Amino acid sequence: MAVNKEKYTELIQELSGKNVALIAVSKFKSPSDILELYNLGQRDFGENYVQELLEKHEELPNDIRWHFIGHLQSNKVKYIAPFIHLIHGVDSFNLLKAIDKEGAKNNRVIDILLQIRISQEETKYGLVEEELKQILLDLPDQQRKNICIKGFMGMASFTEDERKLKQEFDFLAAMFKKYDQRSIQFQQFQTLSIGMSNDYSLAIAAGSTMIRIGSLLFGRRT
Ligand SMILES: *Cc1c(COP(=O)(O)O)cnc(C)c1O
């Protein structure tokens, strides 16, 4: 299936004037597909797998802002640390430490989002609030200068039950507000990454500032 340029233009129009960034999720899609959206002005792309991301980063224009949205293993941080724009799925203190360390090696501050568990599905990763609190307690005295926590990311359940989706998004939006107010620790806490092809309207209604859209733009993944 071809890249849906009309949908892209529609989506951009829908988002204009809103404080919502569009990440085009290009996993399994070819560099030429990515270039089609790039040529329409899209610069933020999301990938889930390190090897695939490295190959695309190598091949494609270097003003693309690459977002890592998959589940990242600590031992692979080093490969993406030199260039990654935002790491969405940070869900452990160990991963945070690994990113900080690689940030230091590359002499940069790496922006990250903490992934919060909002779905009870087994396959979904993320921190529960107790773990989040512990991480925040552990952070300050460790002087982690090479990471910047920009906000939260969540993945809703795989369901068409809009009430359930809304509940999950509202839960995270409320938590986002709550931690935003304690912004002593988070000087640039401004990003709430929720919403995918099937549920982005609900996510925006709940307060999303960043949606991650794959199949709607690139067609179904095989
Ligand atoms: C694949 C993926 C998306 C995009 O999903 P679509 O339903 O194709 O829009 C968004 N976020 C994450 C974390 C993903 O893995």
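A residue is near a molecule if one of its heavy atoms lies within 4 Å of it. The model is predicted: local features need pLDDT of at least 70 and side-chain atom pairs count only at pLDDT 80 or more, while totals for chains, interfaces and linings use all residues. Residues are numbered from 1 along each chain as its sequence is written, and side-chain values use heavy atoms, with hydrogens and water left out.

Begin by selecting the ligand. It is surrounded by 13 residues, the closest being Lys27, Asn48, Ser197, Ser215 and Arg221. This shell divides into six nonpolar, four polar and three charged residues (Asp, Glu, Lys and Arg count as charged; Ala, Val, Leu, Ile, Met, Phe, Trp, Tyr, Cys and Pro as nonpolar; the others, Gly among them, as polar).

Next, select Ser197, where a polar side-chain atom lies 2.5 Å from an oxygen atom of the ligand. For Lys27, the corresponding distance from a polar side-chain atom to a ligand oxygen atom is 2.7 Å. Arg221 likewise places a polar side-chain atom 2.7 Å from an oxygen atom of the ligand. Of the 390 Å² of accessible area that the ligand has on its own, the protein covers 93% (Shrake-Rupley method, 1.4 Å probe).

Finally, display the whole protein chain. Its C-alpha atoms fill a box of roughly 50 × 40 × 35 Å, taken along the principal axes.

Definitions and conventions
Polar contact = N/O pair within 3.5 Å; in protein donor to acceptor, adjacent residues only side chain to side chain.
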